[in-house]
Amino acid sequence: MASSSRPYHRSRNPTFKVVKMRKWKMTSSPFLCLLLVGSLILLSTYENDLSGQDDPTDVDLSAGILLAPKAFRAAAAKVLPSLVTIDSFGGVGAVQGRIGGIRRQGEGSTTGIIVSKDGYVVTSSFNFIQKPPIITLTTSDGKKHLAKPVANDNTRKLTLLKIESEVESLPVPVFLAPADVEVGQWAISVGIGFGDANPAISAGIVSAKNRAFGRAIQTDANISPANYGGPLLDIQGRVIGVCVPLNPKSTSLASGVEWYDSGIGFAIPLNDRSILEALKKGKDIYPAFLGVQAKPAKLDGSGVKVVKIVNGSPAEKAGLNKDDLLLQIGDFPVQDMTQFKTLIGRFDAEQSTEIRLLRDQKEQTVEVTFSKPGPLPKKPVTGAKSKSVPDKK
Amino acid sequence: MNRILANLLCIVFGGIGLNAVSSEFCVADEKLNGFLKKAVDYALPRTVKIFGASVGRIEGYGTGILVSDEGHVVTGNGVFLNGFNTRVVLNDGTTLPASVIRRDPSLQLALLKIKASTPDFFQLDEKPAAQKGDWVIAVSNSFKVAERTEPLSVTLGVLSLETHLTAKRRRDEILYDGDLYLIDCITSNPGSAGGAVVTADGKLVGMIGKLIESTETNTRMNYAVPKNLLAKFLAGTLPDKTVESTSEPSGKPAELGIRLFALGGRKSPAFVDRVQRGSPAAKVGIRSDDLVVTLNGKTLANSADFDVAAKSLVPGKMTVIVVKRRNKLLRFEITPIEKK
C-alpha cells in the first residue's frame, strides 16, 4: 500500500478553472480564435433559448471550456507526424529494486520527437536505463528504422538518437522558447508508452518556469514512463518541451520517477539549438564542476568566501585563491551558500562564465571554464608506517 | 442583454490587451465556475460508498455505481467484499446490507444487490459516451475521505486514450485483458475502484477499475472499465477469458522453423539460433544470428514475446516478419506451415 503514503491527489479546485479561463482569453492565436468563434456561435444560438433565464453568461463561458477537448485533440493530432515509437532490444537488465514504485524500469515502447528532417530524434534518457544495444524507431508513416544513440545530456536527461537509414524530409514540430510560455496556460502531454500506436494525452496547465536550475518547465499534466520522451504541447500543438523525469536534488538517471502522475512533472525546452548541436557532435553534456569549498561570508551576508581550492579544478585554473570573496557568477549575484550551489547548477560542464570577486579589498573578474565532476583526488597516504602491524618474531 | 454584450466584448478584446479589465469582470461571477455542476449533480446520487472487511493492510472500503432501479451495484472485486457485513451507503446516508451476486476475475468486477428501490441509477448501454481528450470527472471515495452522509470526492481530468492492453495486479500474474479508457484523473488510490467516470454533461463513461500496473511501463494506471463491458457483466454475457486464452485460435498450431537462443532465459532478445532446413523461415532466407524484431504485427522485446506471437500464427496464412541483420532491418513475407 505504498499509495496511501504518497501524494497522488491532484487538486483541481475552482480557482484553477478561473486561471484556465483567463489564460484562454488572453492568448490571441488562430486556434483559440477558432474556439472563441465557436463559443460566440454557441452564444448567439443560446441567446434566444436563454433569454428567459436570469444569467446566461455562465452557459457561454462553460460552452467555451467544454470546447477545449477539441483543441486538445487538434494539438495532439498536429504533433503526431513528428513523433516516433521507440523500441529497444536487450540490455543489462533492470536496475534492482523499485524506483518510484516501478519494479522494472525502461521497458516497453516509448516516444521520441523528431528534431531534424535528416533523422535526429530526441527522447528521455530514462528510456535507455537498461542500456539496450539495439534500438528501433517507427515513424508515423509506419516505417521501421534502426537507430543509434549519438550523445546524452546528463543534466537534462535527454538522449539524441540518429536514424541509421537514409531519411530526408521528416516533419519537425515547432519548438517554443520558454519566454513564450506563461504559467497558467494549457499544457498537453502526449506519449506512446502504453503500447498503442495512438498516443495517450493528458491535459493540465504550466505550473512553473525555470525549474531544476532554470532547465525545465513544470506542469500538472500527467508525466510518467508512459510519456517520458514525448512532447508537452501548448494548445496550438507547439512543443513546450520534452517530458523527462527530474528531481532537482539528484542527478541519478531515474530520479524524478517517484513523482510520476503526481501533478509535478517536467519538460525540457528544445528551442535552444546549441544543446542539440553539441549533442550532434557526439559530446555528452555533464553538470558543471567548479572545485571550490566555500563558507558563508561574515559581513552583510552576500557572497561566499573560498575556503579551499581542489587541485587541478577549473577554480584553480581560473586563478581563484583561498579567502577570495565570490560576488557574482555570470549574470547572477551570489547571495548565500545554498544559492551559490544552485548558481553553479545552472551551467553545464565546458561552459565558460565570468566570476566577479573581492580579493585584498579590490574587486576583480576572472574567466572560468567549468569541467565535469571527476572522481575525487586520492588523499596522499600518511602515517602508514606507524599504523603497520609489527612483524612477528 | 447587456451582460451578454459585455461578455462578448470581453471575449473579443481579451486577447488584444484588456487583460486586466477583462479578467476581473469576466470571472467575478461565481456562477461561472460551476460548469460541471450538472454532471456532479447527476453522478453523486448514482454513486455509493461501500464498506466491508479489511484484511491486514488491504483497505476495507470502496466505491460503487447504481445500475438498476432494484438496487444493483457494480464495483471492483476485492477481499473487502468477502466478509459477512458488507454495507452500501447511499448518497442520502442510508446504510444497507449488501450481498455479492456475481464476480468477474478477468475485469475484476463484482455485482452487489441491496434490498431497496433505487430510482436514480446509471443506465448501462453499449454506446460510447466520450472520446479522447474529452473532459471526464471521476467520483469516488479515495482514501475513505467521505464518511456517512458526506458527498464523494470529484476530480477533473481528460480521457487519455481508449485502448486494449494487458496489465497485472501488483505482483500477481492475474492479467487485466480488455478494452479500457485511460484517464488523467488520479484514480489509482485505495477506495477509488468502483467509482463513476462521467462526461462533463453527466453521461457515464465507465467505472474506475481495480488498481493495476501496465505491463508496458510497469506504472499504476488510472483507468475506467468501459460502460459496454459493464453492461455485458450486468447481463452475464461477458466471455470467460480464462477458457478462451488456452485454446488455439485455429485449432492447429503453426510453425516457422525458427529456434531461438535460449541463453538468459525468456527475457533475452529473440535472436535466431537455428533455422530448420526446408522450413518456411529457411525458404524466405532467415539466418542464424538474425534478431526477430516484429512478428505478425507484434514488436518482440524478448523471446517470451516471440512465443506469444508465434501462437497467434495460423498455418497457411501469410504474415510479416522483420529481422535485424547487421545494420539493416529486413522484412519478409512468410507463410507458416502446420506443426508436425
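## Two chains at a glance

Chain A carries eight helices and 18 strands. Keep in mind as you look around that this is a predicted model. Of the 393 residues in chain A, 53% are buried. Its exposed surface comes to about 18,200 Å², and carbon and sulfur atoms supply 54% of that. Now take the contacts in chain A between residues at least 6 apart in sequence: 64% of them join residues at least 24 apart.

Chain B has seven helices and 21 strands. Buried residues account for 51% of its 340 residues. The accessible surface of chain B is about 16,000 Å², with 53% belonging to carbon and sulfur atoms. For chain B contacts between residues at least 6 apart in sequence, 60% link residues at least 24 apart.

Nonpolar side chains in soluble globular proteins tend to be buried together. Here, the largest nonpolar core has 80 residues, and the members touching the most others are A:Phe72, B:Ile65, B:Trp135 and B:Met221. Which helix gives the most to this core? That would be helix H3 of chain A, residues 57-79, with seven residues.

Over all chains, the structure holds seven aromatic pairs. One of them brings together A:Phe72 and B:Trp135: the ring centres are 5.5 Å apart and the planes sit at 85 degrees, so this pair is edge-to-face. A:Phe72 belongs to helix H3 of chain A, while B:Trp135 is in strand S7 of chain B (residues 135-140), so the pair joins two chains.

Are A:Phe72 and B:Trp135 buried or exposed? Both are buried.

## Charges over rings

Chain B also has arginines placed over aromatic rings. The charged end of B:Arg46 sits over the ring of B:Tyr42, 3.7 Å from the ring centre. B:Arg102 lies over the face of B:Phe233, with 5.8 Å to the centre of that ring.

That phenylalanine takes us to helix H4 of chain B, residues 227-235, where B:Phe233 is buried along with B:Lys227, B:Leu229, B:Leu230 and B:Ala231. Just past H4(B) comes B:Gly236, with a positive phi of about 75 degrees.

## A helix with a buried face

Back in chain A, have a look at helix H5, which covers residues 273-280. Its buried residues are A:Ile275, A:Leu276 and A:Leu279. Looking down the axis of H5(A), you find these buried residues within an arc of 95 degrees, so they line one face of the helix. An α-helix has 3.6 residues a turn, so residues three or four places apart point the same way.

What do the buried residues of H5(A) pack against? They pack against four strands of chain A: S2 (110-116), S3 (120-124), S5 (144-153) and S6 (158-163). After H5(A) comes A:Gly282, and its phi is positive, near 85 degrees.

## Loops worth a look

Positive phi values turn up outside glycine too. A:Lys131 is not a glycine, yet its phi is positive, at about 50 degrees. A:Lys131 is in the loop between S3 and strand S4 (134-138) of chain A, and its relative accessibility of 61% makes it exposed. In the other chain, B:Lys144 has a positive phi near 55 degrees, again in a residue other than glycine. The loop between S7 and strand S8 (153-168) of chain B is where B:Lys144 lies, and a relative accessible area of 34% makes B:Lys144 partly exposed.

Last stop: B:Pro119, in the loop between strand S6 (109-114) and S7 of chain B. With 66% relative accessibility, B:Pro119 counts as exposed.

Note on methods: Residues are numbered from 1 along each chain as its sequence is written. Chains are lettered from A and ligands numbered from 1 in the order in which they are written. This is a predicted model: local features need pLDDT of at least 70, side-chain atom pairs count only at pLDDT 80 or more; totals for chains, interfaces and linings use all residues. Side-chain values use heavy atoms; hydrogens and water are left out. Buried means under 20% relative accessible area, exposed over 50%, partly exposed in between (1.4 Å probe, protein chains only). The arc is that of the directions from the helix axis to the C-beta atoms. Contact means heavy atoms within 4.5 Å. A nonpolar core is a set of buried Ala, Val, Leu, Ile, Met, Phe, Trp, Tyr and Cys residues joined through side-chain atoms within 4.5 Å. Accessible areas come from the Shrake-Rupley method with a 1.4 Å probe; for residues, only the protein chains shown count as cover. Rings of Phe, Tyr and Trp (its six-membered ring) pair if their centres lie within 6.5 Å; planes under 30 degrees apart count as stacked, over 60 as edge-to-face and the rest as tilted. A charge sits over a ring if NZ of Lys or CZ of Arg is within 6 Å of the ring centre and within 35 degrees of the ring normal.
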